[in-house]
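Please open the structure in your viewer, with the sequence panel beside it, and follow the stops below in order.

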Protein chains: 4
Amino acid sequence: MGSTWGNHIKISIFGESHGNGIGVVMDGFPAGHCCDMEFIRSELARRAPGQSSLTTGRREGDQPEILSGMLTDPASGELTTTGAPICIVIRNTDTRSGDYENLRTVPRPSHSDFTGQLRYQGYNDIRGGGHFSGRLTAPMVFAGALCKDYLRKKYEIEIGSHIYQIGEVKDSTFDLTSISDTQLKELQKAAFPVLDPESEGKMKEIVDHARRELDSVGGVIECAATGVAAGIGSPMFSNVESRIASILYGVPAVKGVEFGLGFEMAEKRGSEVNDCYVKNGNNIETRTNYNGGIAGGITTGMPIVVRAAIKPTPSISRGQTTLNLKTGQEELLEIHGRHDPCIAMRAPVVIESAVALAMLDLCLEAWGYAPV
Amino acid sequence: MGSTWGNHIKISIFGESHGNGIGVVMDGFPAGHCCDMEFIRSELARRAPGQSSLTTGRREGDQPEILSGMLTDPASGELTTTGAPICIVIRNTDTRSGDYENLRTVPRPSHSDFTGQLRYQGYNDIRGGGHFSGRLTAPMVFAGALCKDYLRKKYEIEIGSHIYQIGEVKDSTFDLTSISDTQLKELQKAAFPVLDPESEGKMKEIVDHARRELDSVGGVIECAATGVAAGIGSPMFSNVESRIASILYGVPAVKGVEFGLGFEMAEKRGSEVNDCYVKNGNNIETRTNYNGGIAGGITTGMPIVVRAAIKPTPSISRGQTTLNLKTGQEELLEIHGRHDPCIAMRAPVVIESAVALAMLDLCLEAWGYAPV
Amino acid sequence: MGSTWGNHIKISIFGESHGNGIGVVMDGFPAGHCCDMEFIRSELARRAPGQSSLTTGRREGDQPEILSGMLTDPASGELTTTGAPICIVIRNTDTRSGDYENLRTVPRPSHSDFTGQLRYQGYNDIRGGGHFSGRLTAPMVFAGALCKDYLRKKYEIEIGSHIYQIGEVKDSTFDLTSISDTQLKELQKAAFPVLDPESEGKMKEIVDHARRELDSVGGVIECAATGVAAGIGSPMFSNVESRIASILYGVPAVKGVEFGLGFEMAEKRGSEVNDCYVKNGNNIETRTNYNGGIAGGITTGMPIVVRAAIKPTPSISRGQTTLNLKTGQEELLEIHGRHDPCIAMRAPVVIESAVALAMLDLCLEAWGYAPV
Amino acid sequence: MGSTWGNHIKISIFGESHGNGIGVVMDGFPAGHCCDMEFIRSELARRAPGQSSLTTGRREGDQPEILSGMLTDPASGELTTTGAPICIVIRNTDTRSGDYENLRTVPRPSHSDFTGQLRYQGYNDIRGGGHFSGRLTAPMVFAGALCKDYLRKKYEIEIGSHIYQIGEVKDSTFDLTSISDTQLKELQKAAFPVLDPESEGKMKEIVDHARRELDSVGGVIECAATGVAAGIGSPMFSNVESRIASILYGVPAVKGVEFGLGFEMAEKRGSEVNDCYVKNGNNIETRTNYNGGIAGGITTGMPIVVRAAIKPTPSISRGQTTLNLKTGQEELLEIHGRHDPCIAMRAPVVIESAVALAMLDLCLEAWGYAPV
């Protein structure tokens, strides 16, 4: 329903790009988790704008204020979850709403300006996309960072990602069978997370080229989770793929989601892509991992691998025609807000956060909240 | 949760491949719908096995028994929905359970045999995949056919699909802007739904080749919905893509879902794929439809287009190694059940059914159940 | 939503009083539970009509056919849950639909005839109340019996009830602090479950008196659950009272629900009804249990006690005026179907079943499904 | 789930009694509603503490800050909903946390101190009850006031209540058939809402008596909704009673809920309490309304009437024994926080708010969000 997601952990995201602020309520997060606020801030920083000339000129500190659900533990002196709903607010500080005034009349192509007006009978906050803005991914990153920290400490699950594709430049893919938590942690820390060091330069060139031409470009993020126990999830509609996809599609600009080999499966033979079981010490593993760690909707114990396609930023400064809804005439539109030429560059931490939320939801379903 | 899906219409699917039967309860289906049982049966026939030498040898009449939720309307003499939950059962008639006995010990690669045992502590019905079987898509097709019939009569929404890819053979894609309800209806009736007539022969050759080599092959289904009003759906987690993806991933063997250009968006410039608004008579449309009828998570009024990647049937007769869980040794597995060499061939009606369920759920959310 | 309930275990109830049959799908029931079918049948028999001259003359075997979700365990020879959705059907055998023909025109007072027609635009199955019928509690009893059996074996939780009130005759109330599982099991076996043996005769007299006057009478069921661990449930909307009440009000004819002292709390002082903590061996208990085992929405470890008020059967043979919707005139209505003079007499097992479903849902939320 | 409620409108309540603040996110509230902030503030004032010597000495302005979901409409100059999630925060200003320090060791009887610690493994914020505090009803009142305002303007539904009982003093009950919106509006404005003017003095005396004896006393609130169209709701678990009860039990201290005659139904004959249909002009009504406006779980068009039992404030200054969890010894507890001697006095607006949320949820389900 709308901006609420989850069964065992529930997030409810609120706010608008140019309103008072944005934030999230997380209900059901386990009590007693000692929060690594430094990690959370570093995750928010990964998403924050203004990091380089290749991202939007908007600068926001993205400092979360914690309204509820955490207390300083007298024993450790650390902020610790209480089990009650966690609410955080991030104030909007660098807004220039004048940029957006005429969007009701002249809606931007491929954006929510037109559909949002229909949906909300013209009452939607259209400034900067309002509640549809990519800025709403900041509270999702806060929530996801908390989940990642918890998953790591409680279940030894690690979640990381790299930019797999920008324009026509493709990075290497994960080696589906040998992804390690160390590798994922390093990717989390990288300023520009790719597997093949040569990809960075080529990708930045593509983005810079698009930027100079007042245009934008799309990309693909590849995300992995290691350490997930086998046997989690359910057949049919509560399968792991369905749960992850349902939240990934909640990230604005995602237009495709695939697991393991994904669409490449179409051209393969069963004999090529069946993941045979093997023994590795006492563990049962699969020799290959073309299914991305999920069989029959349930985890196999191998790394979970998912890719999300991110469309080019629809807001471009380059002139494009659109319809003036008042005059009924087509007219030229040049968008003068501050926009990323490639959203995919800032997307890795957002995709990881969505996957982390899905994984924690699945883990809480599997193990509950009560001591045994 | 498990085998239950939906908010405004809820389906609960039950049954196992080799048990007494399979079926579905649909809760929330509107009252007063005069059911076109002939259409429903034709849809079930599209999915049913045994149609040609290229599908499984299992033969099932797939005759649904209606247990509840419909009455013969005295006025029209037709079966009419009462508004109460609709339950149908399809009995299993052609089961040969002896085929599956050793799967607990020697799990089939890329199948649910191993993960299902972990999930259900070894108590799952493993015969023919049990509740994980593709056979469970039959009740989904019943439910979907009912929805398609209703969507057509009530909202003039039509849903159809074609086999876009099998192996390396690709059919044409839909012309995203000019899909018509007539075209979709014809595809529903086609024995082998493709857009380019030459695709059929090439695809069948691919499948037959795989079959002769005791192997299987994957594919992609492209599905479209026309007539969907603009302004349906919501931002963030209840967007149209998220709702459709959440049910599509409930179809066994789906490993990828994309909307409009999907993953191809990654290599495009914003200026290439932004869908500009234009006026067509009194309608506002988009000149292109690269976003597949959805912007900001909300329908634009253009055709909705989604593609689903289907992996090759994991059950193949060709020998493959797997692990004997008792001995801890790898051994050769040859699967002697009756399996499709290409599930994708029977998938179109299943994908359409999932999309129809999602569309009706979204429509009921938008318009409710009560007269104005 | 409609006839679906639950988060961690989901039931979806279907069927109509005079249709082909009634039944339930239970999704999420734990795998590996060896079903005590004798117990389940005895529970269904407690609810079944035709037990004495004081219940409806309709006679139904209420034999459940198991369609899915159970297998005979080769080890024990017993029917065992597989973890897949359990579907059962109970066929309707003794229907006389002629009795109900004119109810669309002349709706029975305090029944669903009128409201059901409005809700479903006249398409509802009105025979015997259709989907609104009290007969739909039979599948709820099946589901509840399965839960009771599981709760007993897995968590040592026992659920039982007695008829607390019929007309003006009141039985003793449970001693809130000392309810035992033995006591509850005995109540389950009693043909007429009361605490004070003298209540039975007085209550039967009241019912018989009403029956002879072609009338009906209401009642109250008091239900308890013992063995529930402390610390289960959540504050606010997912508290134990809310969850139990939400399903109890799904039982037709329930018009009131109260916990512990309930409405009597209104006239008490805090000092009278506060439940002080005391130590009993190593256990922490409360000296009194006026809150019925729940404080702050969370279980205290003391017996949970809930009462449900059941209204008099609205269908009475005695003449009453109602409106003829066609003529717009009031007319005399004498209802000639076969109806219980006091539904409360058959309600104990239904109330217990609803409480059992709520308790299992809460337990699965607390402990999950996966081995630790 | 936890502190989240609703299907078509979703509220997520957060905060603790002595933390930074409390608030609510409302997702799904219709766009374009011009908010009567004066009404909302007056509703918050009805609940706010510090109104008289008979309520807690804690003084809070309860000024809501609107973080999202509303914009000043340029046309009207009024705050108007945008359709995006509405988030408001009420800061805590008058907290004295020192009062609560020892509650972890010496839990207050009948409060959440003990159960909350078990549920959250001792990490819960125990100051002032933390997230369990009655103070969390303030954001519920904000949300409810918004719903009441909308229901009034859109559907002509009015919701009001009176204090029906305090201690042994009972006010008159609503005349179930003739409740008017005017009457309900007047009750909303009354400083002490009762039907019989003589009740006020008697009730206040009871409360003052309890207060002087350092004790507390319980009560009952009777709430009604007029103008609700017939035909809303569903059979079984989504019936109107179930939906209203599920949120009412989310109000701390509620221990009983009943509709229409409620528990009094138990002692009645069907012939006494069946609500016969009659024609009133063109309307179909019932002559009596013992079922409180609901038959078969669906609205009849008559006023909806529900009563909620409120237990005595568990926090009393009067000495009571409880257990010291560290020493294992019983000891005398005198609670020195600032507490109402009778929560019921401030409960009417809270109960109305819960009912308003339930009614809007039901209306949105019935009529959806989209223009026809």
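With which side chain does the side chain of A:Thr137 make a polar contact? Select A:Thr137 and A:Arg47 together: their side chains make a polar contact of 3.1 Å, a polar contact being a pair of N or O atoms within 3.5 Å, of which, within protein, one must be able to donate a hydrogen and the other to accept it, while residues adjacent in sequence count only if both atoms are side-chain atoms.

Before going further, note that this is a predicted model, in which local features need pLDDT of at least 70 and side-chain atom pairs count only at pLDDT 80 or more, whereas totals for chains, interfaces and linings use all residues. Residues are numbered from 1 along each chain as its sequence is written, chains are lettered from A and ligands numbered from 1 in the order in which they are written, and side-chain values use heavy atoms, with hydrogens and water left out.

**Stop 1: around A:Thr137**

Keep A:Thr137 selected and colour helix α3 of chain A, residues 137-155, in which this residue has its place; helices here are DSSP runs of H or I with at least four residues, strands are runs of E with at least two, and both are numbered from the N terminus. A:Thr137 is buried, with a relative accessible area of 6%, where buried means under 20% relative accessible area, exposed over 50% and partly exposed in between, using a 1.4 Å probe and protein chains only. A polar atom of the side chain of A:Thr137 also lies 2.5 Å from the backbone oxygen of A:Gly134. If residues up to four places away in sequence are not counted, A:Thr137 touches A:Arg47, A:Val251, A:Pro252 and A:Val350, contact meaning heavy atoms within 4.5 Å.

**Stop 2: chain A as a whole**

Now select chain A, whose secondary structure comes to eight helices and 18 strands. Its radius of gyration is 21 Å, close to the 21 Å that the globule rule gives for 372 residues, so chain A is as compact as a globular protein of that length; the radius is taken over C-alpha atoms, and the rule is 2.2 Å times the number of residues to the power 0.38. Along its principal axes, the C-alpha trace of chain A spans about 70 × 55 × 35 Å, and 69% of the 372 residues of chain A count as buried. Among the contacts in chain A with a separation of 6 or more, 72% come from residues 24 or more positions apart.

**Stop 3**

Show chains A and B together and trace the open sheet of ten strands, in the order β9(A)-β8(A)-β10(A)-β16(A)-β11(A)-β11(B)-β16(B)-β10(B)-β8(B)-β9(B), with antiparallel pairing; two strands pair if DSSP finds at least two bridges between them. The edge strands are β9 (169-170) of chain A and β9 (169-170) of chain B, each of which pairs on one side only. Next select residues 254-259 in both chains, where β11 of chain A and β11 of chain B pair in the antiparallel sense over three bridges, and where A:Val257 has B:Val257 as its bridge partner.

**Stop 4**

Which residues of chain D is C:Ser216 in contact with? Select C:Ser216, in the loop between α5 (197-212) and β10 (219-226) of chain C: leaving aside neighbours within four places in sequence, its contacts include D:Lys268, D:Arg269 and D:Gly270. C:Ser216 counts as buried because its relative accessibility is 0%, and a polar atom of its side chain lies 2.7 Å from the backbone oxygen of C:Thr313.

Then move to C:Ala309 in strand β16 (residues 304-310) of chain C, which also counts as buried, at 0% relative accessibility. With neighbours within four places left aside, the contacts of C:Ala309 include D:Gly262 and D:Phe263.

**Stop 5: chain D**

Finally, select the open sheet of five strands in chain D, with the order β1-β2-β3-β7-β4 and antiparallel pairing. β1 (4-5) and β4 (64-68) of chain D each have a single partner strand, so one side of each is left without a neighbour in the sheet. Four bridges join β4(D) to β7 (residues 86-91) of chain D, and D:Ser68 stands opposite D:Cys87 in β7(D).
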